[in-house]
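Here is a short briefing to read alongside the sequence and the 3D view. Take a moment to look at both chains before you start.

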Amino acid sequence: MIQEHFKLAVKNIRQRKLRSWLTMIGIFIGIAAIVSLISMGEGLRVAITSQFGFLSTDVLTIQAGGVQMGPPGTGVINPLTVDDTEKIGKVAGVKASISRIVRSADSEFNGRRNMAYVVSIPDGDNRREVERIANIEIDKGRLLKDGDTYSVVLGAKYGTDDIFGKPVSVGQNIVINDAKFNVVGIAKEKGSFIMDNAVVMNDETMRELFDDDEKVDIIAVVVRNVNEMDDVQERIEKLLRKERNVDKGEEDFSVESAKKALETLNDTLFAVQLFVYIIAGISLLVGGIGIMNTMYTAVLERTKEIGIMKAIGAKNFDIFVLFFIESGYLGSVGGAIGVTFGALFSLFLSFIGNAALGSGLIRAYFPWWLIPGALLFSFSVGSIAGIIPAIGAAKLKPVDALRYTK
Amino acid sequence: MRLEYLHFAFDSIMHRKMRSWLNILSILIGITAVFALVSFGQGLSTYVNNLATEMGKDKIMAQVGGGFSSPFDERYFFTQEEMNMLERMKGVEDFTPMTMASAKIEKDDKRIYTILLGLDSDMIRLIDEMMTIKVEDGRDLKKGDIFKVVLGHNYQIPNKIFKKPLRKGDRIMINDVEMEVIGFYSEVGNPQDDSQIYMTIEGFYTLFPEEEGKYKYAIMRASSGEDPAKIAERATERLRKHRGLKKGEENFMITTFEQAIQTFGAILNIINAVLILIASISVVVAAVNIMNTMYTAVLERTREIGIMKAIGAKNSDILFIFIVESGVIGFIGAGLGVLFGYLIASAGGRIAAEAGYSMLKPVFPLWLIIGCLTFGFCLGAFSGLFPARHASRLKPVEALHYE
């Protein structure tokens, strides 16, 4: 039975070729726009969040309050101290509490200067933790080890022409804040803007270089058990409130899980994307109106036909299904063509982005739900648009319908 | 004759009410979105252009750092000597150094962090002019004001920064030092600038003794007849030489205010253009819808066309009848679209202002309204062009025969 309905619907669409095509173009344009926008948008979001992909799930980061512009630790009023780090290390459930210093500095090599992003790495067991958290892997040379003074591991970008006009190699010297440093290793490329541009040096050297024994820009806490994350966070907050003499609700510091920070970033990006999708979705709405219009016309044209069908025993429901399938079909075929073109278009764009601009930010990413979702959505738009005309057709009185003339 | 075409158009639109309304609806939706987005874009360009021309034309801004660094980074600052050097440059008429820090503000047990600016009280006028703000309530800072501050606009609004709005004469704690509020600045239009706090540079150094003699910003005014861009370039070169840096290695930035704001404006314009482009996809779909309806209309009225031709209608008459019909649909759709777009954009502007972004204010220039209406008519007429041509070329005899 349903099969026959389908046959009839397809036949009707074929008979009104031009109109059907134009109707489908309406849906096609909207779906193509949405599919390409979503795949590019998701690609961009994945590219941005992967910049922070080195954040592990078992890490809490602690920062002092202030207006943050630039790297962590700038603009804070009452900085965290080495003492805080040690006290946090004794909190139950904390595996490691690590002081980190993050600063900008002047670097010099090949007669050229550059503003560098310098981060510290601690001695002992915590060194492994930081290497794991920050996902530092070596490409050439070696990682830093305890006792290395005035030695650095450079981010992958330093191994290219990008920074000083010629690559820095292992064994060479580089000047940072007027002090000479020996390059012991170049890190693997991580595709992260921050990590690939970072200069890593031992904590002790960095303290000496910046002449600062106390201040900590960021404390990284590794928890023993990921499930206890929230409890550990509460304990640390309680301790710091006591240490810094502030009441609950008035904290001048923040304890945040890396995962949460990433989620917040994700949410913000998603809100922007959603706005763009909604604007693109307007065209789909207009396409839906086109289908509705075509279906009204179809009902009108076939009034006599409907009368005959009813006269020979077709039920209201049969008539309804007939038109409903027809409009759903218009939607899905338009949608399928749209998905194809949209996907091809965004692949084309990401090809251009890679080849011409060399940018990793412009790339197509197709989440698993995108293509089935778009197809389902276009079918729904089509069938919803067809509901009212189909009801109209189903409700026609056989006698009136038979008598109808244009 | 012309009027008759219109008459025909209305007649057949009314006859096929439902279909015409659906078409009008599809144009309306697209025009609404485009109109609202353009009006926001226009509002932003107006804002940026006003900033650039009114206040920025002759101003040059110097700031520390660049790249990864933060303006709070203690290693980057201008020295008194450098400031003097810039001040004495040829073509610089007015000059004022500024400094800034992140500060902790407390009032009634509530704590916030914000940017504290230290200004040269003799040159307040230049700063007010550059930021297009003035003290609305209270008085400007003057020499000798040490423990006195002027607050950004948002401090006088309840529940914006502090629950209770601050008043002139109130006392607040800044980095644990009590300060008296002596005035409030007018609104800039974004939450960051509107929550800044201003004090004299002497007061600033009292609060941050280690910052004494260091500056983070400077504003210069070019004398009339001088090209500010050239002065900015010369100043950059001078300072670069002074610091012994090569080109491209500057750890400071000197630009004209116009350049800075134009860059900002250009980025906003690109974003707006992309949004408008995406929104206009729906207008294209609407055009396809109209074309579709017109083909149907031609088909339905084939006999009518035959009769009209038989009694002497020319091809061009038929052509016009259909073009005007679709044009009128486009026009009505655009008219309603402009109306809805206006309502939506005004509401959006109010929401943005409520959130502290009064710089996001839509404007509705006359050309935009007329442009949308004309565009709607042309779009409709254009969509009707092919069906109309098809209709006009029908052979009378065949058309009369059509069943």
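Predicted model: local features only at pLDDT ≥ 70, side-chain atom pairs only at ≥ 80, totals over all residues.

**Domains and confidence**

Residues are numbered from 1 along each chain as its sequence is written, and chains are lettered from A and ligands numbered from 1 in the order in which they are written.

- Within chain B, confidence is lowest in helix α1 (residues 2–15), with a mean of 68, and highest in strand β9 (residues 197–200), at 92.
- For the complex, the predictor gives an ipTM of 0.72 and a pTM of 0.75.

**Chain B**

- Chain B contains 11 helices and 12 strands; helices (H or I, at least four residues) and strands (E, at least two) are DSSP runs, numbered from the N terminus.
- Five residues of domain 1 of chain B are in contact with seven residues of domain 2 of chain B; contact means that the C-beta atoms, placed from the backbone, lie within 7 Å.
- On the domain 1 side of that contact in chain B there are three nonpolar, two polar and no charged residues. Here Ala, Val, Leu, Ile, Met, Phe, Trp, Tyr, Cys and Pro count as nonpolar, Asp, Glu, Lys and Arg as charged, and the others, Gly among them, as polar.
- Chain B has a radius of gyration of 31 Å, whereas a compact globule of 403 residues would have one near 22 Å. This radius is taken over C-alpha atoms, and the globule rule is 2.2 Å times the number of residues to the power 0.38.
- Along the principal axes, the C-alpha atoms of chain B fill a box of roughly 100 × 50 × 35 Å.

**Chain A**

- Chain A is assigned domain 1 (2–51 + 263–403) and domain 2 (59–257), with C-alpha centres 51 Å apart.
- Its secondary structure comes to 12 helices and 13 strands.
- Chain A has a radius of gyration of 32 Å, well over the 22 Å from the globule rule for 406 residues, so chain A is more spread out than a compact globule.
- The C-alpha trace of chain A spans about 100 × 50 × 35 Å along its principal axes.

**Where the chains meet**

- The contact takes 42 residues from chain A and 46 residues from chain B.
- On the chain A side, α2 (17–50), β4 (102–109), β5 (112–121) and α8 (258–301) each supply at least two residues, and α8(A) gives the largest share, 15 residues.
- By class, this side of chain A has 20 nonpolar, 15 polar and seven charged residues.

**One helix pair across the contact**

- How do α2(A) and α7(B) run relative to each other? α2(A) and helix α7 (residues 257–300) of chain B pack at an angle of about 175 degrees, with their axes 9 Å apart, and are therefore roughly antiparallel.
- Axes are lines fitted to C-alpha atoms, for helices over the stretch in contact, and angles run from 0 to 180 degrees between N-to-C directions. Angles under 35 degrees count as roughly parallel, over 145 as roughly antiparallel, 65 to 115 as roughly perpendicular and the rest as oblique.
- Residues making this contact include Leu22(A) and Ile29(A) of α2(A), and Val284(B) and Tyr295(B) of α7(B).

Note on methods
Contact = placed C-beta atoms within 7 Å. pLDDT = per-residue confidence, 0-100. Domains from an automatic or database assignment.
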